[in-house]
Amino acid sequence: MKILITGGAGFVGANLAQWLAARGHRVFVMDNLVRRGSELNLPRLKEQGITFVHGDVRCAEDFVALPKDIEVVLECCAQPSAIDGYANPLFDINNNTIGLLNTLEFARRCGAGLVFWSTNKTYAGVHINKFPVVEQDSRWVWDKAAIAAEYGDKLPAGFDPDHGFSAEFTVDGKDHSIYGLSKIMADLACQEWSDAFGVKTVINRFSCLAGEGQFGKSAQGWVAWWAIAFHFGLPLKYIGWAGKQVRDALFIEDICRLIETEIGMLDQLAGRVFNVGGGRDITLSLREATALMERRFGWSVPVVYEEDPRKADHCIYISDIRPLTAATGWTPQVTVEEGYDRIIRWVVDHEDELARLYLDQPAKRAVLHAAG
Ligand SMILES: NC(=O)c1ccc[n+]([C@@H]2O[C@H](COP(=O)([O-])OP(=O)(O)OC[C@H]3O[C@@H](n4cnc5c(N)ncnc54)[C@H](O)[C@@H]3O)[C@@H](O)[C@H]2O)c1
């Protein structure tokens with residue numbers, strides 16, 4: 001198949017491009033290289049015969065450089081941080097919403113299907129955080145007794161304390177973050193383009209994505225950032241919830257397997273929306289990630305605590321993946337421990353490349369670790 005990946009030099013896009021190229025697809029990547037580190041993926045893409053087009057989804061003219069017979073568009077480019085948008089909201093809207101509209105129109109002209117990377121930030125903090133929680137040593141958990149007492153058998157649609165949130169959960173409310181707002185508008189546009197124009201769209205509202213090749217930072221991509229920070233002895237930060245906020249994590253191999261499955265099922269899945277993550281069996285909190293890194297690396301790094309949570313942050317977010325599994329047969333396979341094994345191996349293998357990004361100089365690991 002002829003496949004376009006927008007944002008294809010980024011973490012998810014570059015992994016996916018290589019995965020699909022290795023399986024015989026003809027892959028085109030469009031990226032404006034705004035994310036630091038994405039440029040490092042270009043030689044790897046070239047080696048696999050993937051065509052790179054330096055373009056920006058905000059500019060409809062940039063799509064002219066692409067073939068007109070693309071069959072599937074994988075839309076995984078974004079300004080992906082949930083905090084940056086407060087400084088410049090129109091940037092997120094232009095990039096993530098208007099850019100998506102240009103991409104949808106391109107897909108429509110080609111007669112292509114489109115898989116969209118939506119997010120759990122389409123759900124407002126005000127709703128996600130309203131369910132009672134109990135504090136445990138390393139994480140928050142839902143207080144099932146208190147939830148039962150408060151809601152009885154009238155739980156809001158899309159929430160089940162045994163499984164998490166499904167796509168039936170309300171997207172109304174405030175406190176989505178500007179990023180979340182930009183994505184829910186794009187997400188709805190995908191649904192609308194499917195209905196109004198017959199573009200076969202599949203919308204994945206992803207939770208926490210992680211894996212090798214992720215140039216993570218505190219503001220985005222925190223799972224990989226934890227391993228990078230430990231490797232170089234850099235300080236970490238817990239922002240709110242005492243570092244016990246919980247996410248379900250989905251590792252890159254499982255993402256690639258899912259997208260391959262969805263590409264093969266576009267006719268059946270057109271117009272569908274799914275919450276996607278590791279689900280209830282693959283979860284972790286910040287503190288648990290720290291403890292795991294301490295065990296793997298054999299040393300600690302300084303941790304700074306900030307008491308107030310980030311705006312629009314979720315205390316516990318777990319994707320209810322049962323509808324996705326029922327529709328596709330897909331289930332995530334990579335555990336937190338295996339996922340971190342792979343990330344740590346990648347960090348060690350790419351130490352100099354990462355040191356230039358994170359230390360602005362070649363690696364001086366021995367010195368840093370001795371100091372730390
Ligand atoms: N990483 C996560 O935890 C997570 C969770 C939910 C959803 N998502 C979504 O998944 C997708 C992939 O995320 P990622 O982690 O790979 O991010 P990433 O930042 O590594 O990759 C995004 C890529 O898009 C490119 N890009 C940004 N704006 C562009 C534009 N206007 N035109 C062309 N290219 C542009 C960047 O240069 C980058 O290479 C994003 O849509 C993100 O919002 C990510």
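Tutor: Gladly! Let's start with helix 7 and helix 12 (residues 336-349), which pack at an angle of about 45° with their axes 10 Å apart. Helices here are DSSP runs of H or I with at least four residues, strands are E runs of at least two, and both are numbered from the N terminus. Axes are lines fitted to C-alpha atoms, for helices over the stretch in contact, and angles run from 0 to 180 degrees between N-to-C directions. The angle therefore makes helix 7 oblique to helix 12; under 35 degrees counts as roughly parallel, over 145 as roughly antiparallel, 65 to 115 as roughly perpendicular, and the rest as oblique.

Keep in mind that this is a predicted model: local features need pLDDT of at least 70, side-chain atom pairs count only at pLDDT 80 or more, and totals for chains, interfaces and linings use all residues. Residues are numbered from 1 along each chain as its sequence is written.

Helix 7 brings Ala224, Ala227, Ile228 and His231 to the contact, while helix 12 brings Tyr340, Ile343, Ile344 and Val347. Two residues are in contact if their C-beta atoms, placed from the backbone, lie within 7 Å.

Now look at another partner: helix 7 packs with helix 10 (residues 286-297) at an angle of about 40°, and their axes are 10 Å apart. Helix 7 is therefore oblique to helix 10 as well. Here Val223, Trp226, Ala227 and Phe230 of helix 7 meet Ala289, Thr290, Met293 and Phe297 of helix 10.

Leaving aside neighbours within four places in sequence, Ala227 touches Met293, Tyr340, Ile343, Ile344 and Val347. Trp226 and Ala227 also have the most contacts inside the largest nonpolar core, which has 99 residues. Such a core is a set of buried Ala, Val, Leu, Ile, Met, Phe, Trp, Tyr and Cys residues joined through C-beta atoms within 7 Å. Buried means 20 or more other C-beta atoms within 10 Å of a residue's own, exposed means 12 or fewer, and partly exposed is in between, with C-beta atoms placed from the backbone.

Finally, follow the chain to Leu234, in the loop between helix 7 and strand 12 (236-239). Because Leu234 has 16 C-beta neighbours inside 10 Å, this residue counts as partly exposed. Leu234 and Val301 are 67 residues apart in sequence, yet 6.4 Å apart in space, C-alpha to C-alpha.
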